[in-house]
Amino acid sequence: MLRTPRPGALLTVALATVALASAALAQPTPDAAPTAGTATLAPGFAPDPYAMDVMAGGSVEAAEAAPDCPGFVDAAPSAVLAYGGNESVDLFVRASTDTVLLVHTPSGEWLCNDDDEGLNPGLVVGPTAGRYAVWVGTFSGDAGMEAPATLYVSAQRDGAMLDPDGTPSAGRITLDAGFSPDPFELDVEAGGETSALAFDGCAGFVDAAAPTAVLDYGGSGPLYLYARAASEEDLTLVVMGPDGALSCNDDADGFDPGLAVDPASAGRYAVWVGTYSSRARTEPPIGATLFVSEVGGPTAEDFIEEDFPEEGVYGGGEDISLFASPAHGTLPLDAGFDARSTPVEAGGPDAVSVSGFGCVGYIDNGEPDLNVLYDGEGDLLAFYTESDDDLTLVVNLPDGSWRCNDDAIERNPAIVVEAPEGGLYNVWVGTYSQTGGADATLVVAERDPR
């Protein structure tokens, strides 16, 4: 005789099944379907780097798979790399938050990295062909927190993918020692579709198939190369010298890049003027001017030496209010605390009046963004930001001294206080340009984010 179960019994069985399934997924599961899809790549894949947009984070501790791996991931992989090559490839992440990378290799090995470059993780995998399950996690925050990120795969992060012999889009320049006029100016179109993240220390997007310009130089330097956009576009600069070595810069003077080659050997210089953000070929080109000089220019080194002559020496700031109520309250912290994040609106109407290395940008003199009341004897206390905008940071320490920073982690600032004393830290998050407010996250931690 067949017996019909009570409706409640069916529900109990269904809930039990869900509970068992959830328990089975309470750890990183390599065979689960990836949330962002599968990338099938063979040797010589293009574009290089290959990019996948993912959501970082999840509710599972990465240490469930690799005991020393920090952060949180999803049970299912963020992505799967089906790699058919026999050479190693680089996996690396770019995000506005602190991320970690967890990989399960075809041989069953677990790999993990936290901070390969700034707060961005990276790993070399291969050369074994097969299925690589990849998780992009968040370093800190509540379990289940997610943040957008981009996962890159590259076989040529050393710059070999750049073709210096391609026909330069803006032409070829020949300059001898003592050339006139100085600086020499060349109108160019900036940008491209290749991420310059594939070149160590570089940023932005360039046209890898050909340089923007080629300079045949007959002097012995120093040689200064810099670029300025015709609009408010953020530019980048990549230069390959006669010896094949790469030099890069993003923000030497505001959003304009610049490099100094000193000494400069006679020979051929391939120059790429890029844009910080990617642009499709269908979008209008970005007009810019490339400058070449033997006298000087807004290179990163000259800019720092000119405006901030001595690192570690700070003064001024008398017009900044230390006693006003902070916009986002006071955060009490004891030694050993977990990293704390506070959303803020960066910037303000007042130019930073503290003098010293990295003291630039605009803040609100009338109130700090956050006060931190630190009670402990930790090894260090770090303040840093996460944002898509170009930010600056100003901190007043308990002894009344100042600290500033502009670009410690790409365009995000960071200030690290070693052997911090207990007391009140006043913190301002500024914007580099006076363009109004910018959304940002201020992070306080006891670890160096750089």
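## A tour of cores, rings and disulfides

Select Trp428 to begin: this residue is buried, at a relative accessible area of 0% (buried means under 20% relative accessible area, exposed over 50%, and partly exposed in between, with a 1.4 Å probe and protein chains only). The model is predicted, with local features needing pLDDT of at least 70, side-chain atom pairs counting only at pLDDT 80 or more, and totals for chains, interfaces and linings using all residues. Residues are numbered from 1 along each chain as its sequence is written, and side-chain values use heavy atoms, leaving out hydrogens and water.

**Aromatic pairs**

Rings of Phe, Tyr and Trp (its six-membered ring) pair if their centres lie within 6.5 Å; planes under 30 degrees apart are stacked, over 60 edge-to-face, and the rest tilted. Six aromatic pairs are counted by this rule.

Select Phe337 and Tyr374. Their ring centres are 6.5 Å apart and their planes stand at 75°, so this pair is edge-to-face. Phe337 is in the loop between E24 and strand E25 (340–346), while Tyr374 is in strand E29, so the pair ties together parts 37 residues apart in sequence. (Strands, E, of at least two residues, and helices, H or I, of at least four, are DSSP runs numbered from the N terminus.) Both Phe337 and Tyr374 are buried.

Trp402 belongs to strand E32 (residues 402–405) and Trp428 to strand E34 (residues 423–431), 26 residues apart. Trp402 is buried too, with a relative accessible area of 8%.

Select residues 330–334, which form strand E24. Which residues are on its covered face? They are Leu331 and Leu333, whereas Thr330, Pro332 and Asp334 are on the uncovered one. In a regular strand the side chains alternate between the two faces of the sheet. Next show strand E29 (residues 370–375): E24 and E29 run parallel and are joined by five bridges (two strands pair if DSSP finds at least two bridges between them). Asp334 has Asp375 as its bridge partner in E29.

**The largest nonpolar core**

A nonpolar core is a set of buried Ala, Val, Leu, Ile, Met, Phe, Trp, Tyr and Cys residues joined through side-chain atoms within 4.5 Å. The largest one has 26 residues, and Leu215, Leu223, Leu225, Leu235, Leu237, Tyr269 and Val273 touch the most other members. Strands supplying at least two residues each include E16 (213–217), E17 (223–229) and E18 (235–240). Select Leu237: leaving out residues up to four places away in sequence, its contacts include Leu225, Val271, Val273 and Leu290 (contact means heavy atoms within 4.5 Å).

**Charges over rings**

Select Arg228 and Phe291. The charged end of Arg228 sits over the ring of Phe291, 5.2 Å from its centre (NZ of Lys or CZ of Arg must be within 6 Å of the ring centre and within 35 degrees of the ring normal). Arg447 lies over the face of Phe139, 4.0 Å from the ring centre.

**Disulfides**

How many disulfides does the structure hold? There are two (a disulfide is a pair of cysteine sulfur atoms within 2.5 Å). Select Cys69 and Cys112, whose sulfur atoms are 2.0 Å apart. Their link is right-handed, with 70° about the S-S bond. Cys69 is buried at 4% relative accessibility, whereas Cys112 is partly exposed at 28%.

Finish with Cys359 and Cys404, whose sulfur atoms are 2.1 Å apart. The torsion about their S-S bond is about 90°, so the disulfide is right-handed. Both Cys359 and Cys404 are buried.
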